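Let us work through a few exercises together, one step at a time. Keep the picture beside you and try each task before reading its solution.

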Amino acid sequence: MKRIFSMLSLSLAGAAHMFAQAAATPPSPTAALEAGVKAAQSSADNAWMLVSCALVLMMTGPGLALFYGGLVRRKNILGTMMQSFILMAIATVLWALVGYSLSFGEGNPFIGDLRYLFLAGVGGDPNTTYAATIPHQTFMTFQMMFAIITPALITGAFAERMKFSAMLLFTVLWSLVVYYPLAHMVWGNNGYLNAFLGGKVPCLDFAGGTVVHISSGVSALVCAIVMGKRKGYPNEPMKPHSLVLSFIGACLLWVGWFGFNAGSALGAGSLATSAFVATHFGAAAAACGWLLAEWLMHGKPSVLGGISGAVAGLVAITPASGFVKPMPALIIGFIAGIFCFYMVVKVKNMLGYDDSLDAFGVHGAGGTLGAILTGVFATKDINPAFKDAAGVALPVGMLEGNGGQVVNQVIGVAIAWGIAAVLTFVILKIVGAVTGGLRVSPEEETEGLDLSQHGEEGYNLEA
Amino acid sequence: MKKIEAVIQPFKLEEVKEALKAIGVDGMTVTEVRGHGRQKGHKEVYRGQEYQVDLLPKVKVEMVVASGRADEVISAVAAAAKTGKIGDGKIFVYEVAEAIRIRNEERGETAL
């Protein structure tokens with residue numbers, strides 16, 4: 001059908017062409033060629049971006065749902081998976097109604113306006129400010145997948161004890177007051193930290209080190225502290241009930257992350273390849289780093305350690321992925337693997353909070369490290385982010401001679417930490433008051449979230 | 001009649017079954033259980049969180065035999081279940097007062 005239609009339009013175009021020739025101004029053949037080239041590039045970019053959209057959604061479900069689901073006790077598997085899944089629904093609706101507009105409407109440096117309310121004007125034509133070669137709707141969809149996974153990452157901190165109603169209200173409010181403003185500040189037109197679109201403090205964040213990982217990781221820490229420990233922690237055994245599920249989930253995250261980072265090039269060109277390579281190298285080196293540290297300190301390299309390390313590396317390379325060469329990507333990953341191991345295994349136990357699935361130790365710590373190292377290793381050879389008046393590329397990272405970039409990165413990190421910590425605390429207080437307590441009752445916690453919150457069980461082995 | 005109850009390593013179950021079959025014991029009840037004796041448990045570490053696992057998976061094999069055959073059965077089970085390492089398990093022997101076949105209410109050794 002489509003084919004017939006395009007043939008028809010071709011012949012129509014041919015007829016128009018004949019008329020045009022009869023008229024005074026013949027169209028130049030180069031203009032037609034240029035239009036053809038543009039259409040071809042647009043199709044190629046759009047194909048990759050739609051695949052990337054799907055890959056990033058796959059990170060939440062089933063990726064994160066399996067990763068987190070395997071780490072909890074058997075009685076909480078469905079409740080934990082549901083916390084990821086429900087965001088695929090709720091965060092999507094919220095994004096369509098107001099989220100996209102508040103994030104990417106021009107607005108002021110701190111929050112977008114309501115010009116795209118209900119997705120008004122977001123259609124097939126590109127938004128040339130953000131991505132000139134793909135439909136505006138594709139850009140909107142790609143960004144939506146980030147708005148889904150970010151609150152889902154936080155759920156690792158309050159796993160096994162948060163009331164479903166409280167979790168829903170929390171993530172809605174959190175999206176509105178933490179995620180959308182932060183996404184606007186870093187990626188929105190005229191955003192305060194936007195390095196490409198006139199930000200006051202140009203902070204480099206290719207795919208979401210500050211917006212996604214610091215924001216979710218720091219909020220996770222606040223959640224863990226405000227909500228308190230799981231009943232019986234750390235004296236009762238709370239072993240992961242299925243590292244097999246976690247393993248599958250982590251590997252799906254790794255694959256999905258190619259869409260997350262390489263898709264953030266917003267096109268299918270060499271920058272996407274570069275980000276793809278950096279992402280993969282970061283994950284690989286971090287898995288090595290974590291395993292090495294664990295082997296030396298605990299005598300055994302664990303599977304959970306390997307997959308946790310890979311995720312930590314993916315987190316850390318996220319802000320840097322579109323700015324660094326392969327060797328720095330290996331370095332960033334390796335450092336992240338060791339650093340996050342230390343944060344999860346040592347620092348958490350020292351401070352005594354119960355970040356059940358280590359959302360802070362991996363995403364908060366890895367995101368912060370990655371954001372700062374981006375300022376060190378970014379290079380104009382990969383991404384000429386800064387240019388002088390004559391259009392000549394200027395140094396980007398510290399090793400290239402732009403030491404000030406590390407300062408900008410630290411400012412970006414500090415703002416993200418501040419917004420996430422303060423507003424998460426406030427939201428938790430409000431949600432607790434509205435829903436009559438953030439936690440399930442002690443009896444429900446003993447029974448498990450599956451039965452108490454959803455009325456079902458994950459494993460009916462006798463059925 | 002004697003009841004012989006053997007708690008053994010799970011991976012030794014097949015060998016024990018074969019050994020019993022070889023001497024003509026054709027009734028038994030097998031249960032998956034957890035427990036420990038002198039073996040104690042082992043340590044598991046998940047992201048630095050250490051767990052001491054005290055109760056290990058074992059298999060319990062129960063059978064009731066005529067008193068005259070008890071020693072023969074015990075030797076067969078012990079030989080088949082043995083690895084020589086700590087954790088091989090234990091065999092307990094009890095006197096059985098009565099046995100009844102539910103199908104036809106036969107009693108005593110004929111019910112075995």
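**Exercise 1.** At what angle do helix α3 (residues 77-104) of chain A and α4(A) pack, and how far apart are their axes?

Step 1. The angle is about 130° and the axes are 8 Å apart. Axes are lines fitted to C-alpha atoms, for helices over the stretch in contact, and angles run from 0 to 180 degrees between N-to-C directions. Helices (H or I, at least four residues) and strands (E, at least two) are DSSP runs, numbered from the N terminus.

Step 2. That angle makes α3(A) oblique to α4(A). For the cut-offs, angles under 35 degrees count as roughly parallel, over 145 as roughly antiparallel, 65 to 115 as roughly perpendicular and the rest as oblique.

Step 3. Look for the touching residues: they include Leu87(A), Trp95(A) and Phe104(A) of α3(A), and Met140(A), Ile148(A) and Pro151(A) of α4(A). Two residues are in contact if their C-beta atoms, placed from the backbone, lie within 7 Å.

Step 4. By class, this contact of α3(A) with α4(A) has twelve nonpolar, six polar and no charged residues. Ala, Val, Leu, Ile, Met, Phe, Trp, Tyr, Cys and Pro count as nonpolar, Asp, Glu, Lys and Arg as charged, and the others, Gly among them, as polar.

A word on the source: this is a predicted model, in which local features need pLDDT of at least 70 and side-chain atom pairs count only at pLDDT 80 or more, while totals for chains, interfaces and linings use all residues. Residues are numbered from 1 along each chain as its sequence is written, and chains are lettered from A and ligands numbered from 1 in the order in which they are written.

**Exercise 2.** What span should helix α4 (residues 136-154) of chain A have, and is the helix enclosed or open?

Step 1. With 19 residues at 1.5 Å a residue, α4(A) should span 27 Å. The expected span is 1.5 Å times one less than the number of residues.

Step 2. The end C-alpha atoms of α4(A) are 29 Å apart, which agrees.

Step 3. Because 18 of its 19 residues are buried, α4(A) is largely enclosed by the rest of the structure. A residue is buried if 20 or more other C-beta atoms lie within 10 Å of its own, exposed if 12 or fewer, and partly exposed in between, with C-beta atoms placed from the backbone.

**Exercise 3.** Where is Glu160(A) found, and is it buried or exposed?

Step 1. Glu160(A) sits in the loop between α4 and α5 (164-187) of chain A.

Step 2. Its phi is near 75°, a positive value in a residue other than glycine.

Step 3. Glu160(A) counts as buried because it has 22 C-beta neighbours inside 10 Å.

**Exercise 4.** How many residues of chain A are in contact with chain B?

Step 1. The count is 13 residues of chain A, in contact with seven residues of chain B.

Step 2. On the chain A side, α9 and α10 each supply at least two residues. The largest share, four residues, comes from α10(A).

Step 3. The residues on this side of chain A divide into six nonpolar, four polar and three charged.
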